[in-house]
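Visitor: Hi! I'm new to looking at protein models. Could you walk me through this one?

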Amino acid sequence: MKKQEINTLKEQFILSKHITHLNHGSFGACPKPIFDNYQFWQLKLEQEPVNFYVNEGMQHLEKSRNVLASYVNCKPQNIVFTTNPSYAINIIAKSFDLKEGDEILSCNLEYGALIKTWDYYCKKAKAKFVTTEITLPIISKEKIIDQFFENVSAKTRAIFISQITSSSALILPVKEICERAKELDLITIIDGAHVPGHIHLDLSELKADIYTGACHKWMLTPKGCSFLYINDEFKNHFDPLIISWGYDLNSNFSDHHELQGTRDYSAFLTIPTAVQFLKDNDWESVSRTCKELVLTNYEKTSSILNSKPICPINADYLGQICSSSVKTSEPEKLKTILYKEFNIEVPIMQLGNEFYLRFSAQGYNNQDDIDLLHQALETIKKQTNLLQS
Ligand SMILES: Cc1ncc(COP(=O)(O)O)c(C=O)c1O
């Protein structure tokens, strides 16, 4: 895609123009046509609240569910809308029926909030959240898979792993991991927060038992739009997080979890508009261009930061985000300088005892943005002692 076309796309996003936004990963960013649709639903709700909650809104919610199900290739009957992946995984962890001694097998690359969720419910049940070490740099898919299963035991009940990790920004081979887990008769729970709209997602092909994805990241919906998928075998095993009108074992799966008193469903209702936006703007090609930006710049970013890439530089491991190790004793200060002095929004995230700078490329970015990041890091390196070698 030419620079000019990307710049036209940039105009469609609501993002402040004076910031170079290289952190799509944390909270996404919503284009104006999709945001307009969000406000359209909010207005409609306020104009006729009774009719909206009781009749019309529910029909639109079903339409959204159908469109999302078709986008991720599963049956709509297996999808529940949630505000975020944390909500979805809390549904699972809270009523997993963990017994004393049970183990949930996971790894060191998982997202902090969800480690807390599992930790909390595992401790409550005297079960164990087992964190296997996947070593960086990544060498091969086979090694990831072997390392992940190193700590499997007779007590393991389920696996929990991200398809794209948070601070390390790595695509993990979850299809192969799910296959191995099934051979071991384990329940498979996948955190796909970063996946929808980012890399290929086909839930029928993946065959995870349980999967959560955020639509407000790479599918470009407004905030508060995510989903929980549970397959037919397990979908009736979990209580809703909020016990309210929908609580009825005879009600359908989505009502069971979604009907929870008065709340704003508007973000969920933007799915058809978001999917249409992705189609109208040939987002597969936009995404491909962004992935190229990541692949061509990753080595240089790491080199400026005096580090080495943490995986082979190819599409098996990298999508539209990448992370480089940063040696600094003042990560907060580094982040603040990048934001306040260079107007660059880019996260510096902790993983174990290390820090990583993670940049993203989305339809509103081009090479100039990444050049600005590189120049800013070079300047900081010259003028401060924040970046150690
Ligand atoms: C791997 C991963 N899982 C889950 C989430 C979503 O978390 P939340 O529920 O806090 O929106 C994120 C957010 O960035 C993430 O990176």
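Guide: Happy to! We'll start with a term: on a 1 Å grid over the protein atoms alone, a cavity is a set of points where a 1.4 Å probe fits but cannot get out, and lining residues have an atom within 4 Å of a point. Grid points are joined across faces, edges and corners, and a volume is the space filled by probe spheres set on the points. This is a predicted model, where local features need pLDDT of at least 70, side-chain atom pairs count only at pLDDT 80 or more, and totals for chains, interfaces and linings use all residues. Residues are numbered from 1 along each chain as its sequence is written, and side-chain values use heavy atoms, leaving out hydrogens and water.

Visitor: Okay, how many cavities of 30 Å³ or more are there?

Guide: The search of the whole structure finds three. The largest cavity has a volume of about 90 Å³.

Visitor: Which residues line the largest cavity?

Guide: Its lining includes Lys10, Phe13, His21, Tyr364 and Asp369. By class, that lining has four nonpolar, four polar and three charged residues (Ala, Val, Leu, Ile, Met, Phe, Trp, Tyr, Cys and Pro count as nonpolar, Asp, Glu, Lys and Arg as charged, and the others, Gly among them, as polar).

Visitor: And what's the volume of the second largest cavity?

Guide: About 60 Å³. Among the residues lining the second largest cavity are Lys235, Asp248 and His256.

Visitor: New topic: which residues come nearest to the ligand?

Guide: Of the 13 residues around the ligand, those are Ser86, Tyr111, Asp191, His194 and Lys217 (near means a heavy atom within 4 Å).

Visitor: How far is the side chain of Asp191 from a nitrogen atom of the ligand?

Guide: An N or O atom in the Asp191 side chain is 2.6 Å from that nitrogen. For His194, a side-chain N or O atom is 2.7 Å from an oxygen atom of the ligand. The protein covers 88% of the 400 Å² of accessible area that the ligand has on its own (Shrake-Rupley method, 1.4 Å probe).

Visitor: Last one: how is the protein divided into domains?

Guide: There's domain 1 (3-22 + 282-383) and domain 2 (36-275), with bounds from an automatic or database domain assignment. Their C-alpha centres lie 27 Å apart.

Notes
Polar contact = N/O pair within 3.5 Å; in protein donor to acceptor, adjacent residues only side chain to side chain. 1 Å grid on protein atoms, 1.4 Å probe; cavity = no way out; pocket = protein on both sides within 12 Å on 5 of 7 lines; lining within 4 Å.
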